[in-house]
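Let's take a walk along this chain and stop at a few spots worth a look. Have the model open as you read.

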Amino acid sequence: MQNKFLLYGANGYTGKLIASMASQFNLIPVLAGRNSTALKEMALELSLEFVVVNLDDATMLASTLKNFPLVLHAAGPFKFTAQKMAKACLATGVHYLDITGEIAVFELLKKMDGLAKEKGIMIMPGVGFDVVPTDCMAKFLHDKMPNATHLKLAFATIGGKLSHGTATTMAEGMGEGGAVRENGKIVRKPLGHKGFWVDFGVKKMFVMTIPWGDISTAYTTTLIPNIETYTAASPKTFSILKWQKWFNWLLQLSIVRNYYKKKIKKMPAGPDEQMRLKAKSLVWGEVRNDQNETLVATLQGPEGYTLTAISSLIITQKVLSGNFKTGYQTPAACYGADLVLEIDGVTRSIN
């Protein structure tokens, strides 16, 4: 098995985590990104090679990619970076994986399906916590109820916190509202337009609708026409969002978003190792058919960033050993509902 791959955005919080865990999977990442000082420091610490390359330099990017069978792209917000990297992968015949959770990015990359098939490569965004556990839950439930017409997915974390990258992506989406899948189409809705209490198995938590990546990917995986995605939130936040039509315009202003991004940079880069080891990620899913029959399942696993590092490395390992399908793929459609169970510490149960 070829075990070398390019890890772009290696010096970000999740990139560092992936790089530090790669050897456990017999994989050797070559660290890549724009920050030469940070990359050099990391490369010395982990005894790895590094390469400095800017996504805006298409020629340099293409000549770098030619040396690798696969790139694992970890530099977000992906709405600014995914297209540049994916185009370079198509030009050079290199497999593309990323850790996005952005609906627009999934939809954009889906349009590259035909070109990826021609090139004999796989394009698979969302190989981390966004969207491996939820995508596997969607497929698991759909396999049990193939005539399902409605899917609800919810996730929560107990004891974790956000990284700079995730928080920055959220800041970029402030004031944009939410989205659901209705009759096969993506429909814009206010953020948190629905909310309810969910029993995750270990804890009951309040959840509200958010525009999670599964609005795109779960539909690709299952073709269930009506999909809603939820995350844990305080009932207080949920009630404040009822007034969002009066303040969303303000959140969309560059000055407001930049203010929040500056605040994010002053925060710790993400959860420390102790916090990651203690924290848990939870997923809940429900399908319903036209006869109003329902089926519910829950899933527990490691903290989200830990899960992202492990799942992205498992998928990288599969692709490098020749286990892939060409074209645009979602994790569960390509590798099955039990892909998530390959991650240590993940358990799933039907309620």
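Start in the loop that runs between β6 (122-124) and α7 (132-144), where you'll find Val-131. Keep in mind that you're looking at a predicted model. The peptide bond joining Asp-130 to Val-131 is cis, with omega at about 10°. There's another cis bond to visit, from Gly-76 to Pro-77, and here omega is near -10°. Pro-77 also sits in a loop, the one between β4 (70-73) and α4 (78-92).

Next, a couple of backbone angles. Asn-183 isn't a glycine, yet its phi is positive, at about 50°. Look for Asn-183 in the loop between β8 (178-182) and β9 (185-189). Is Asn-183 buried or exposed? Its relative accessible area is 64%, and because anything over 50% counts as exposed, Asn-183 is exposed. Leu-223 is not a glycine either, and has a positive phi of about 60°. You'll spot Leu-223 in the loop from α9 (214-222) to β12 (226-232), and at 58% relative accessibility it counts as exposed.

Now for the cysteines. Cys-89 is buried, at 0% relative accessible area, and Cys-136 is buried too, at 1%.

Finally, how far can you trust the picture? The chain averages a pLDDT of 89, and 85% of the residues score at least 70. Residues 167-172 are another matter: pLDDT stays under 50 there, though the model has 17 contacts for them beyond four places in sequence.

Conventions: Residues numbered from 1 in each chain as written. Predicted model: local features only at pLDDT ≥ 70, side-chain atom pairs only at ≥ 80, totals over all residues. Heavy atoms only, no water. Buried < 20%, exposed > 50% of the residue type's maximum accessible area, 1.4 Å probe, protein only. pLDDT = per-residue confidence, 0-100. Contact = heavy atoms within 4.5 Å. Helix = DSSP H or I, 4+ residues; strand = E, 2+ residues; numbered from the N terminus.
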